[in-house]
Amino acid sequence: MSVKPASSNRPLSPFMIGPYYRAQLTSMLSITHRLTGLALAFGTVFLAAWVTAAAAGPDAFAVFAGLANSIVGKLLLVAYTWAMLYHLCNGIRHLFWDTGRGFELKTAYASGYAVIGASVLLTVAVWAFALVV
(Lines give C-alpha, C1' and ligand atoms only; values in the text may rest on other atoms or scores of the structure.)
Protein backbone atom coordinates (compact mmCIF):
# COMPACT_ATOMS: atom_id res chain seq x y z
CA MET A 1 0.00 0.00 0.00
CA SER A 2 1.52 3.34 -1.04
CA VAL A 3 0.70 6.76 0.33
CA LYS A 4 0.05 9.46 -2.25
CA PRO A 5 1.25 12.99 -1.38
CA ALA A 6 -1.55 15.53 -0.89
CA SER A 7 -0.16 18.08 -3.33
CA SER A 8 3.16 18.59 -5.03
CA ASN A 9 2.65 22.39 -5.14
CA ARG A 10 2.15 22.77 -1.40
CA PRO A 11 4.99 24.52 0.52
CA LEU A 12 6.80 22.41 3.08
CA SER A 13 7.75 25.20 5.45
CA PRO A 14 6.31 28.64 6.29
CA PHE A 15 9.85 29.99 6.12
CA MET A 16 10.16 29.44 2.39
CA ILE A 17 10.86 32.70 0.61
CA GLY A 18 8.75 33.61 -2.36
CA PRO A 19 5.07 33.41 -3.13
CA TYR A 20 4.34 30.98 -0.29
CA TYR A 21 5.01 33.12 2.74
CA ARG A 22 4.78 36.85 3.28
CA ALA A 23 6.71 38.31 6.20
CA GLN A 24 4.50 39.90 8.85
CA LEU A 25 5.18 43.04 10.86
CA THR A 26 5.25 41.13 14.14
CA SER A 27 7.84 38.64 12.92
CA MET A 28 10.02 41.38 11.45
CA LEU A 29 9.86 43.35 14.72
CA SER A 30 10.85 40.22 16.64
CA ILE A 31 13.85 39.63 14.38
CA THR A 32 14.81 43.31 14.61
CA HIS A 33 14.57 43.16 18.42
CA ARG A 34 17.06 40.31 18.47
CA LEU A 35 19.39 42.04 16.00
CA THR A 36 19.33 45.29 17.98
CA GLY A 37 20.19 43.31 21.12
CA LEU A 38 23.19 41.91 19.28
CA ALA A 39 24.12 45.38 17.98
CA LEU A 40 23.96 46.75 21.52
CA ALA A 41 26.35 44.07 22.70
CA PHE A 42 28.86 44.99 19.99
CA GLY A 43 28.26 48.71 20.56
CA THR A 44 29.21 48.27 24.19
CA VAL A 45 32.72 47.35 22.98
CA PHE A 46 32.79 50.75 21.25
CA LEU A 47 31.84 52.46 24.52
CA ALA A 48 34.49 50.48 26.40
CA ALA A 49 37.06 51.63 23.82
CA TRP A 50 35.97 55.22 24.45
CA VAL A 51 36.53 54.89 28.21
CA THR A 52 39.82 53.07 27.66
CA ALA A 53 41.02 55.78 25.29
CA ALA A 54 40.08 58.46 27.81
CA ALA A 55 42.00 56.62 30.53
CA ALA A 56 45.02 56.05 28.27
CA GLY A 57 45.69 59.75 27.86
CA PRO A 58 45.11 62.68 25.53
CA ASP A 59 46.87 61.17 22.50
CA ALA A 60 44.84 57.94 22.57
CA PHE A 61 41.64 59.91 23.17
CA ALA A 62 42.42 62.20 20.22
CA VAL A 63 42.75 59.16 17.94
CA PHE A 64 39.46 57.76 19.21
CA ALA A 65 37.72 61.14 18.92
CA GLY A 66 38.93 61.43 15.33
CA LEU A 67 37.39 58.06 14.51
CA ALA A 68 34.16 58.84 16.35
CA ASN A 69 33.82 62.22 14.62
CA SER A 70 34.26 60.75 11.15
CA ILE A 71 31.19 60.16 8.99
CA VAL A 72 31.34 56.42 9.61
CA GLY A 73 31.76 56.98 13.35
CA LYS A 74 28.78 59.31 13.52
CA LEU A 75 26.63 56.91 11.48
CA LEU A 76 27.56 54.11 13.88
CA LEU A 77 26.66 56.31 16.86
CA VAL A 78 23.28 57.21 15.34
CA ALA A 79 22.64 53.53 14.56
CA TYR A 80 23.63 52.58 18.11
CA THR A 81 21.28 55.22 19.51
CA TRP A 82 18.40 53.95 17.36
CA ALA A 83 19.12 50.33 18.30
CA MET A 84 19.10 51.24 21.99
CA LEU A 85 15.84 53.19 21.74
CA TYR A 86 14.15 50.58 19.53
CA HIS A 87 15.16 47.84 21.96
CA LEU A 88 13.84 49.93 24.86
CA CYS A 89 10.49 50.70 23.18
CA ASN A 90 9.98 47.13 22.03
CA GLY A 91 10.97 45.89 25.49
CA ILE A 92 8.20 48.03 26.99
CA ARG A 93 5.82 46.49 24.45
CA HIS A 94 6.92 43.06 25.62
CA LEU A 95 6.30 44.06 29.24
CA PHE A 96 2.67 44.76 28.32
CA TRP A 97 2.53 41.36 26.63
CA ASP A 98 3.85 39.80 29.84
CA THR A 99 0.73 41.10 31.59
CA GLY A 100 -1.48 39.52 28.93
CA ARG A 101 -2.34 42.77 27.14
CA GLY A 102 -1.93 43.67 23.48
CA PHE A 103 -2.17 40.26 21.84
CA GLU A 104 -5.13 41.13 19.63
CA LEU A 105 -3.94 41.38 16.03
CA LYS A 106 -5.04 45.00 15.59
CA THR A 107 -3.39 46.02 18.87
CA ALA A 108 -0.21 44.08 18.08
CA TYR A 109 0.13 45.88 14.75
CA ALA A 110 -0.69 49.29 16.28
CA SER A 111 1.89 48.83 19.04
CA GLY A 112 4.42 47.62 16.47
CA TYR A 113 4.01 50.74 14.38
CA ALA A 114 4.15 52.80 17.58
CA VAL A 115 7.49 51.18 18.49
CA ILE A 116 8.93 52.00 15.07
CA GLY A 117 7.68 55.59 15.18
CA ALA A 118 8.73 56.19 18.77
CA SER A 119 12.23 54.81 18.22
CA VAL A 120 12.79 57.02 15.19
CA LEU A 121 11.35 60.13 16.88
CA LEU A 122 13.34 59.53 20.06
CA THR A 123 16.54 59.04 18.06
CA VAL A 124 15.96 62.34 16.24
CA ALA A 125 15.20 64.04 19.57
CA VAL A 126 18.36 62.68 21.23
CA TRP A 127 20.57 63.80 18.36
CA ALA A 128 18.86 67.17 18.02
CA PHE A 129 19.46 67.74 21.74
CA ALA A 130 23.07 66.50 21.46
CA LEU A 131 23.84 68.84 18.57
CA VAL A 132 22.34 71.85 20.36
CA VAL A 133 24.14 71.27 23.66
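## The nonpolar core

In this predicted model, the largest nonpolar core has 5 residues. They are Leu25, Leu29, Tyr86, Cys89 and Val115. Helices α1 and α3 each supply at least two residues of this core.

Take Leu29 as one member of the core. Set aside its neighbours within four places in sequence, and Leu29 is in contact with Tyr86, Asn90, Arg93, Gly112 and Ile116. Tyr86 also belongs to the core.

## Helix α4

Helix α4 covers residues 105-132, which makes 28 residues. How far apart are its end C-alpha atoms? They are 40 Å apart. At 1.5 Å a residue, the helix should span 40 Å, so the two values agree.

Which residues of α4 are buried? They are Ala108, Ser111, Gly112, Val115, Ser119 and Thr123. Their cover includes α1 (25-56) and α3 (71-98). Two of these names have come up already: Val115 is part of the largest nonpolar core, and Gly112 is in contact with Leu29.

## The largest pocket

The largest pocket holds about 400 Å³ of space. It is lined by 16 residues. Closest to its centre are Phe46, Leu47, Trp50, Leu77 and Trp127.

Which helix gives the most to the lining? That is α3, with 5 residues. Helices α1, α2 (58-68), α3 and α4 each supply at least two. By type, the lining divides into 13 nonpolar residues, 2 polar and 1 charged.

Technical notes
Residues numbered from 1 in each chain as written. Predicted model: local features only at pLDDT ≥ 70, side-chain atom pairs only at ≥ 80, totals over all residues. Heavy atoms only, no water. Helix = DSSP H or I, 4+ residues; strand = E, 2+ residues; numbered from the N terminus. Expected span 1.5 Å × (residues − 1). Buried < 20%, exposed > 50% of the residue type's maximum accessible area, 1.4 Å probe, protein only. Contact = heavy atoms within 4.5 Å. 1 Å grid on protein atoms, 1.4 Å probe; cavity = no way out; pocket = protein on both sides within 12 Å on 5 of 7 lines; lining within 4 Å. Points joined across faces, edges and corners; volume = space filled by probe spheres on them. Nonpolar A, V, L, I, M, F, W, Y, C, P; charged D, E, K, R; others polar. Core = buried A, V, L, I, M, F, W, Y, C linked by side-chain atoms within 4.5 Å.
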